[in-house]
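Let's take a walk through one protein structure, a bit at a time. Keep the sequence and the 3D view open while you read.

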Amino acid sequence: MSVWLPAAPCTPGACVEPTRTPRAVPRAVLRLTAVAVLLLAGIALSPLGWGSPRLRGSIPAGAVRWWCRWIVRAAGVRVRITGAAAPTGGLLLVANHVSWLDIPLLAAVRPARMLAKSDIRRWPVAGALAARGGALFIERDRLRALPDTVAAIAGVLREGAAVAAFPEGSTWCGRAQGRFHRAVFQAALDAGVPVQPVRIRYRTGDRSLSTTPAFVGEDTLLASLWRVASARGLTAELDVRPVIAPGGHADRRCLAEAAQTVSPALRHGALQARLPGQIRPDRPAPAAATTP
């Protein structure tokens, strides 16, 4: 199997909590309309650029962070961020991967050029926005392209830009997590830039972990969008971990292990054996500012 094609055992039927209430329909329509308006505004402004000196962006980073946070908020998900990313200089920002929401959430931490699979380029609206925002698209089914991809990422990092990546290579449901694959960390080693891990979790109103935002398996983007917009009381929590300075790890394997935000100890078989209500929530994160 290609290093670009890792697979998670999570599926919508086994892992994802449904949201099916008639009263949720007007709420979902209103939220998705707001998301669409913000996305279209982003496409209109994206030629001004952000994330890379080569793009000569004139949109302030603070405005990009605000816009990305409100994309998530418009979908009905509150945002809670603890910690802060290095504000300038080359940086590899890495996180576990649960949902399409992870993409604007990482940009809310620090605007960056997103490492994304080539399929995303074909997504309606969001694909055009990603392309105009400087996303680095990879062809995950072409192993021969790996050295060139690593070299391209390293070049962007040397320019002083941030690159955001999800080293698991596949989305997980949020209660289980995959291992960080090593290839992208080679780019950070080659460029001599720091790595900053981020842990992403989604919680319900009662503070238990939620799989409603998960975008896994054969799930469709439309189904996932509707499920998130229909839900109530969701909060996205981002724990921005301390920077891992360059030169502290001899190889990409050690660097990937150091950046792993959570040990993937929970086996998926054990996860499926539990009912959603029986899975105990993690301990609450420290208090942090939450969007209204």
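Val98, Cys173, Gly174, Ile200, Arg201, Tyr202, Leu209 and Ser210 line the largest cavity in this model, which is a predicted one. By class, that lining splits into 5 nonpolar residues, 2 polar and 1 charged. If you count cavities of 30 Å³ or more, the structure holds 2. As for how you'd find such spots, rolling a probe the size of a water molecule over the atoms shows where empty space is left.

Now on to a pair of helices. Two packed helices are described by the angle between their axes and the distance between the axes. Here the pair is α7, residues 183-191, and α9, residues 252-259. Their axes sit 9 Å apart and meet at an angle of about 105°. Are they roughly parallel or roughly perpendicular? Angles of 65 to 115 degrees count as roughly perpendicular, so α7 and α9 are roughly perpendicular to each other. On the α7 side, the contact is made by Ala183, Phe185, Gln186, Ala188 and Leu189, while α9 brings in Arg252, Leu255, Ala256 and Ala259. Sorted by class, this contact has 7 nonpolar, 1 polar and 1 charged residues.

Is Ala162 buried or exposed? Buried means under 20% relative accessible area, and Ala162 has 0%, so it counts as buried. Along the sequence, Ala162 and Leu92 are 70 residues apart, yet in space their C-alpha atoms are 5.8 Å apart.

Last up are some backbone angles. Most residues other than glycine have a negative phi.

| Residue | Phi |
|---|---|
| Gly192 | about 65° |
| Arg207 | about 80° |

You'll find Arg207 in the loop between β6 and α8 (221-230). With a relative accessible area of 28%, Arg207 is partly exposed.

Note on methods
Residues are numbered from 1 along each chain as its sequence is written. This is a predicted model: local features need pLDDT of at least 70, side-chain atom pairs count only at pLDDT 80 or more; totals for chains, interfaces and linings use all residues. Side-chain values use heavy atoms; hydrogens and water are left out. Axes are lines fitted to C-alpha atoms, for helices over the stretch in contact, and angles run from 0 to 180 degrees between N-to-C directions. Helices (H or I, at least four residues) and strands (E, at least two) are DSSP runs, numbered from the N terminus. Angles under 35 degrees count as roughly parallel, over 145 as roughly antiparallel, 65 to 115 as roughly perpendicular and the rest as oblique. Contact means heavy atoms within 4.5 Å. Ala, Val, Leu, Ile, Met, Phe, Trp, Tyr, Cys and Pro count as nonpolar, Asp, Glu, Lys and Arg as charged, and the others, Gly among them, as polar. On a 1 Å grid over the protein atoms alone, a cavity is a set of points where a 1.4 Å probe fits but cannot get out, and a pocket is an open set with protein on both sides within 12 Å along at least five of seven lines; lining residues have an atom within 4 Å of a point. Grid points are joined across faces, edges and corners, and a volume is the space filled by probe spheres set on the points. Buried means under 20% relative accessible area, exposed over 50%, partly exposed in between (1.4 Å probe, protein chains only).
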